[in-house]
Amino acid sequence: DMFTRPARRVAPRAFAASTRALHASRAAHTAPMGQSEILSQPRPLQTPSQDIREAERRGRDFFRRICRAIPQVMEDYQLKEITTQDHLRRSIGELLRANMGEVARHPAEVRPGVLDQALMRAEEEYIAVVSHHFQRHHLITNFVNSACRESKDGSKAAQSSFLKDFLGGGVRELN
């Protein structure tokens, strides 16, 4: 009878060996992945926002997530010697507000979709920064130095007088 029979004891060494074998077989089926490989996996699609309030809430949540990642990004890209966390946070906030101004130009019925699309592009850029697909000078030009960002947009005010003369066809000597 199985209820009256004493329980069979497993030797501790045999148990440890069988546990190691089990873990080894599991490890063979699931190889560890590197950080870059994890970040390169397809991401689950978010459902589209139902209204503008939900889209704006997602935007605020995204900005908060960026703000939480700023200290690690500054350490990874060695930006502490160039800028502060407050300046970087302010610069990113200005970029997001400028993009929100672009979204506001669209009709009200398509605004949630446009904002979702902008957030998806921003999310991809965030993942590229965190997974080190950018070099340090890209972050400096895009997020730290606003003069570089303005000149990249084609602003004529950011050009020096020498550059204006040169591009205008005028010849000017440097010495």
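Predicted model: local features only at pLDDT ≥ 70, side-chain atom pairs only at ≥ 80, totals over all residues.
Leaving aside neighbours within four places in sequence, Ile-92 is in contact with Phe-63, Ile-66, Ile-70 and Phe-143. Ile-92 sits in helix α4. Its relative accessibility is 12%, so Ile-92 counts as buried, the cut-off being under 20%. A further pairing spans the sequence. Ile-92 and Val-144 lie 52 residues apart in the chain, yet their C-alpha atoms are 8.9 Å apart in space.

Now step back to the whole protein. The secondary structure comes to eight helices and zero strands. Read along the sequence, the pattern is α-α-α-α-α-α-α-α. The protein has 175 residues, and 21% of them count as buried. Take the contacts with a separation of 6 or more. Residues 24 or more positions apart account for 61% of these.

Return to α4 and its packing partner. Helix α3 covers residues 52-76, and helix α4 covers residues 85-104. Their axes are 10 Å apart and the packing angle is about 150°. Angles over 145 degrees count as roughly antiparallel, so α3 is roughly antiparallel to α4. The crossing of this pair is right-handed. From α3, the contact draws on Glu-56, Phe-63, Ile-66, Cys-67, Ile-70, Pro-71 and Met-74. From α4 come Gln-85, Leu-88, Arg-89, Ile-92, Gly-93, Leu-96 and Met-100. By class, the residues of this contact divide into ten nonpolar, two polar and two charged.

Arg-89 belongs to this contact and lies in helix α4. Is Arg-89 buried or partly exposed? With a relative accessible area of 26%, Arg-89 is partly exposed. Neighbours within four places aside, Arg-89 is in contact with Phe-63, Cys-67 and Ile-70. Phe-63 and Ile-70 are also among the contacts of Ile-92. Arg-89 and Arg-64 are 25 residues apart in sequence, with C-alpha atoms 9.9 Å apart in space.

Helix α5 covers residues 111-130. The axes of α3 and α5 come within 9 Å and cross at roughly 15°. Angles under 35 degrees count as roughly parallel, so α3 and α5 are roughly parallel to each other. Their crossing is left-handed. The α3 side of the contact is made by Ile-52, Ala-55, Glu-56, Arg-58, Gly-59, Phe-62, Arg-65, Ile-66, Ala-69 and Val-73. The α5 side is made by Arg-111, Pro-112, Leu-115, Asp-116, Leu-119, Ala-122, Glu-123, Tyr-126 and Val-129. By class, this contact has twelve nonpolar, one polar and six charged residues.

Arg-58 deserves a separate look. The residue is found in helix α3. Its relative accessibility is 15%, so Arg-58 counts as buried. Which residues does Arg-58 contact, leaving aside its neighbours within four places in sequence? They are Gln-46, Thr-47, Pro-48, Ser-49, Asp-116 and Leu-119.

The largest nonpolar core has 22 residues. Within this core, Leu-88 and Leu-139 touch the most other members.

Finally, look at the loops. Most residues other than glycine have a negative phi. Two residues here go the other way. Gln-78 is placed in the loop between α3 and α4. Its phi is near 55°, a positive value in a residue other than glycine. Gln-78 has a relative accessible area of 54%, and is therefore exposed. His-132 is found in the loop between α5 and α6. The phi of His-132 is near 65°, again positive in a residue other than glycine. With a relative accessible area of 44%, His-132 is partly exposed.

Notes: Residues numbered from 1 in each chain as written. Heavy atoms only, no water. Axes fitted to C-alpha atoms, helices over the stretch in contact; angles between N-to-C directions. Helix = DSSP H or I, 4+ residues; strand = E, 2+ residues; numbered from the N terminus. Parallel < 35°, antiparallel > 145°, perpendicular 65-115°, else oblique. Left-handed = near helix turned anticlockwise from the far one by under 90°. Contact = heavy atoms within 4.5 Å. Nonpolar A, V, L, I, M, F, W, Y, C, P; charged D, E, K, R; others polar. Core = buried A, V, L, I, M, F, W, Y, C linked by side-chain atoms within 4.5 Å. Buried < 20%, exposed > 50% of the residue type's maximum accessible area, 1.4 Å probe, protein only.
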